[in-house]
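Subject: Structure for you to look at

Hello,

Here is the structure I said I would pass on. Please open it next to this email and follow along; my notes come after it.

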Amino acid sequence: MFVTFEGIDGAGKSTQAALCAEWLGGLLGDSNILLTKEPGGWPGGESLRDALLSGGLSDPWGELYVFLADRLEHVKRVIRPALEEGKTVICERYIDSTLAYQVWGRGLSLKRVNELIQWHNFPMPDLTLLFDLPLEEALRRMNARGERNELEGEVFLSRVREGYKSIAGEHDRIKVVDAALDVWSVHEIVRDIIARCLFQ
Ligand code: TYD
């Protein structure tokens, strides 16, 4: 099974993905679980991750192409081999991040971005968990961690959040999780959703 974790910065994806991987490892065996993330989740991927997160790319199309280059390597070297070996893959951020950030956030054409995504025939997730929470709470969490991303203002992130909600409305594979709850309550919801999908 291929599961992706999505949401705006500060939604708690990393914590929940780690807890989920640990829980699934206990059920299915650690060697049957792969936990990975974008951008940069492949050997050598730090270079593209740094290019993307340093804020050095000024053209949104250029930024999109680097995210896609990162995904092509990640899929080829990490995700596809793991899926072919029958592993359950948990990936923090994937195609829906591109739609939410580059299309809804940066304003690129949905049609063109979708064409590029389809052209490359990326494997689609079986299940996507969208961690949704009010922007104020996400910003509060980022500030508390000293992680506030000054490059991406609040208006940008609120567009991204709206984008995610709109994308979720269009795909059955996307389940929205209330990420404002405490860590363990969210984890319980995650387990419920995945168990229903895995063991139905
Ligand atoms: P990261 O530090 O991994 O953020 P988080 O811990 O919140 O996931 O940074 C990833 C950033 O890259 C995040 O701001 C979202 C952005 N991003 C895109 O804009 N498009 C994409 O396709 C992906 C995968 C990420």
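**Helix 6 and Glu-137**

Glu-137 lies in helix 6, residues 135-144. Helices are DSSP runs of H or I with at least four residues, strands are DSSP runs of E with at least two, and both are numbered from the N terminus. The side chain of Glu-137 makes a polar contact with the side chain of Arg-140, at 2.9 Å. A polar contact is a pair of N or O atoms within 3.5 Å; within protein, one must be able to donate a hydrogen and the other to accept it, and residues adjacent in sequence count only if both atoms are side-chain atoms. Glu-137 and Ala-179 are 42 residues apart along the chain, and their C-alpha atoms are separated by 9.6 Å.

**How to read the values**

This is a predicted model, in which local features need pLDDT of at least 70 and side-chain atom pairs count only at pLDDT 80 or more, while totals for chains, interfaces and linings use all residues. Residues are numbered from 1 along each chain as its sequence is written, and side-chain values use heavy atoms, with hydrogens and water left out.

**The ligand**

Which residues come nearest to the ligand? Of the 15 residues around it, these are Asp-9, Arg-49, Arg-93, Thr-98 and Gln-102. A residue counts as near when one of its heavy atoms lies within 4 Å of the molecule or strand in question.

A polar side-chain atom of Gln-102 lies 2.7 Å from a nitrogen atom of the ligand. For Arg-49, a polar side-chain atom is 3.0 Å from an oxygen atom of the ligand. In Lys-13, an N or O atom of the side chain is 3.4 Å from a ligand oxygen. The ligand taken alone exposes 550 Å², and the protein buries 87% of that. Such accessible areas come from the Shrake-Rupley method with a 1.4 Å probe; for residues, only the protein chains shown count as cover.

Helix 2, helix 3 (60-84) and helix 4 each supply at least two residues of the shell around the ligand. The largest share, four residues, comes from helix 4.

**Helix 4**

Is helix 4 mostly covered or mostly open? It is mostly covered, with ten of its eleven residues buried. Buried means under 20% relative accessible area, exposed means over 50%, and partly exposed is in between (1.4 Å probe, protein chains only). Among the buried residues are Asp-96, Thr-98, Tyr-101 and Gln-102. Their cover includes strand 1 (2-7), helix 3, helix 5, strand 4, helix 7 (154-170) and strand 5 (174-178). After helix 4 comes Gly-107, with a positive phi near 90°.

Thr-98 lies in helix 4 and has a relative accessible area of 1%, so it is buried. Its side chain makes a polar contact with the side chain of Arg-71, at 2.8 Å. Leaving out residues up to four places away in sequence, Thr-98 touches Leu-64, Arg-71, Val-103, Val-113 and Ile-117. Contact here means heavy atoms within 4.5 Å.

**Backbone points**

Most residues other than glycine have a negative phi, and most peptide bonds are trans. Arg-93 is not a glycine, yet has a positive phi of about 70°. Arg-93 is in the loop between strand 3 (88-92) and helix 4 (95-105) and is buried, at 14% relative accessible area. Asn-121 also is not a glycine and has a positive phi, about 55°. Asn-121 sits in the loop between helix 5 (110-119) and strand 4 (127-132) and counts as exposed, at 58% relative accessibility.

The peptide bond from Glu-38 to Pro-39 is cis, with omega near -5°. Pro-39 belongs to the loop between strand 2 (33-37) and helix 2 (46-53).

**Cysteines**

Cys-20 is buried, with a relative accessible area of 0%, and Cys-91 is buried at 0% relative accessibility.

Regards
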